[in-house]
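The sequence and the model are shown first.

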Amino acid sequence: MRRLNRGAVPCYVCDGAADPSSPHRVYLFHFSGWHAFKVGITNSGNDSRLDRHRHAGGQLVELIEVPHWGAAFWVEQEVLNAMLPWPATGLPTDRAISGWTEMWDDSAPINVRLGDYIEAANAITIDRELIEDWKRNRWTPVLPPSDFVLKGGDAVCFTGSSPEKSRAEWKALAQGVGLRVAGSVTSTTSALVAPRGGNPNTKAAAPLSMGVRVISYEDFLAAIEALE
């Protein structure tokens, strides 16, 4: 994949594989239990990343929108470069929690304000040729529709791995809210939960042929939050 901006490949997992030329958001979370702040990028049409951080105990401190992925990435890198002397320690790094490389210790003497970066970010341009390259080479994620819901008694099946929890922990979480955990996908399975970063087109072929939804671990968390 060719590079979009500032010598870096876009993170399709982090921003939901949104069109890089579309508006993106930069968020700032505080995890008091981890004594850490986190900066990150998400597209403007998907809140699953924000919901996942809230579920992990994070408090949203600030959220800004910029014109495209390149501008969002610039803001993220400027913040991380400023906070480089105060890396996060403890549980996020010990367990290599997803996104830990974008965290810093909350004892840092610098108070980050994302709003301070908006004016400069709005002036950043992105190469249109590289946007066309993204369109030619992107993968198409399999995501549930916005009205996707789970209800007590529904059967779910897990595949792949997630850095946040073990497979046993995911199963226990599902059972704890009244869902059934299936060992394999059948026509009565409500959803197959799979890593967002895999190859959904291949992995989802059989479930989709049976009318089974394929959702990410992030979307599963959002669905069970609504269930609770």
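Leucine 114 is in contact with Val26, Tyr27, Leu28, Val39, Glu62, Ile64, Val75 and Val79, leaving aside its neighbours within four places in sequence. The model is a predicted one.

Leu114 also belongs to the largest nonpolar core, which has 22 residues. Together with Val26, Val39, Val75, Val79, Trp104 and Val112, Leu114 is among those with the most contacts inside this core. Strands S1 (24–31), S2 (36–43) and S3 (59–66) and helix H3 (69–82) each supply at least two residues of this core. Helix H3 gives the largest share, eight residues. In soluble globular proteins, nonpolar side chains tend to be buried together.

Another core, of 16 residues, lies apart from this one; among its members are Ala191, Val193, Ile215 and Phe220. Ala191 and Val193 sit on strand S7 (residues 191–194) and point one way from the strand, while Leu192 and Ala194 point the other way. All four are buried. In a regular strand the side chains alternate between the two faces of the sheet.

Which strands are joined to S7 by bridges? The table gives each pairing.

| Strand paired with S7 | Bridges | Direction | Residues facing each other |
|---|---|---|---|
| S5 (residues 155–158) | three | parallel | cysteine 157 and leucine 192 |
| S8 (residues 213–216) | four | parallel | valine 214 and leucine 192 |

Technical notes: Residues numbered from 1 in each chain as written. Predicted model: local features only at pLDDT ≥ 70, side-chain atom pairs only at ≥ 80, totals over all residues. Heavy atoms only, no water. Buried < 20%, exposed > 50% of the residue type's maximum accessible area, 1.4 Å probe, protein only. Pairing = 2+ DSSP bridges. Core = buried A, V, L, I, M, F, W, Y, C linked by side-chain atoms within 4.5 Å. Contact = heavy atoms within 4.5 Å.
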